[in-house]
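Hi there,

Here is the structure I promised to pass on to you. Have a look at it first, and then read my notes below.

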Amino acid sequence: MTKTVTLTSLPGAGQLYPKAVAAMLPVIGKPARVSPTATLPDTVYRIENLRIDQSQLKDYCRTTGLQFGTTVPLPFLFVLQFPLAMSIMVSSDFPFGAVGSVHLENKIERLRAIGVDEPLTISAHAENLREHRKGMVVDVISEFRVGRELVAVQTGTFLKQQRTSLSDGERGPAPKDATPPPPGRVLSVDLSLIRQYADASGDRNPIHMADLTAKAFGFPRAIAHGMWSAAALLDNVEAQLPDAVVYSVRFGKPVLLPAKVNTYTTPVDGGFDVSMLNRHKGYPHVTGTLRPRD
């Protein structure tokens, strides 16, 4: 039977990340491997009539290049639900840890424009734990309502890296590095900007906060948030998006800080294809599609 946990306020990083770090500790932490038959918690985390913090939103827009105005920027919906998603992933009955998991894909489906002054009821749950050739994958789905009206759905897909029954399956040829085409824009990003984004978004995963902590997770330097990249890709098309729109992104190799990256925007089928590529080797950091919602 589904259990609903209704929060009176959103938990902050100081409440969430100690639990996330504890999940990594020997003996008391979560298992190193997730069984294909593992179950997900049948729990919905919910907050009612949430008012958007205008100061937080201004800081978010400043760090991503998006416009602060009368409607909620599309990728800010990820930020609003992030504390609920983290509450699910740091719970004792979630099968793997939040820190160390990989954000593979993200989809935001907006049914209409959402005013920054509209109170939002947000609910989040996890579903569809499944095998992937790189590990175990799960979807965390959040629904946004104004009153009883569904106005948006956000889906984050997360990977726990390990061997599975799919790991030895056939793979296509690895893409070769190649000089990318001339970009639409070149974006610069450094650790200072990403720390500001972390403050604005609440995502203080240690892989983003310092070189030293990123190295503990196998990265040579701190990396940019995938959802910072996904947001930064929209700054020149945001005003052209329809009210009802679907934004789907897939994350590739991380952006090591500091960096300059190439970005591309192509009009397609009433929407846009967007991407962020490595300036020298051409591999993707992010690829995304924006399409009108039917």
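Helices (H or I, at least four residues) and strands (E, at least two) are DSSP runs, numbered from the N terminus. This is a predicted model, where local features need pLDDT of at least 70, side-chain atom pairs count only at pLDDT 80 or more, and totals for chains, interfaces and linings use all residues. Residues are numbered from 1 along each chain as its sequence is written, and side-chain values use heavy atoms, with hydrogens and water left out.

Let's begin with a loop. Val 27 sits between helix H1 (13-22) and strand E2 (43-50). Val 27 counts as exposed, at 86% relative accessibility (buried means under 20% relative accessible area, exposed over 50%, partly exposed in between, with a 1.4 Å probe and protein chains only).

Next comes helix H2 (residues 54-64), where Leu 57, Tyr 60, Cys 61, Thr 63 and Thr 64 are buried. They lie on the same side of H2, because they cover an arc of only 165° around the axis (taken from the directions from the helix axis to the C-beta atoms). Just after H2, Gly 65 has a positive phi of about 85°.

Finally, the charges: there are 12 salt bridges in the structure (a side-chain nitrogen of Lys or Arg within 4 Å of a carboxyl oxygen of Asp or Glu). One of them joins Asp 273 and Arg 291 at 2.7 Å, N to O. Asp 273 belongs to strand E10 (residues 271-278) and Arg 291 to strand E11 (residues 284-292), so the pair ties together parts 18 residues apart in sequence. Arg 112, Glu 118 and Glu 149 form a salt-bridge network.

Best wishes
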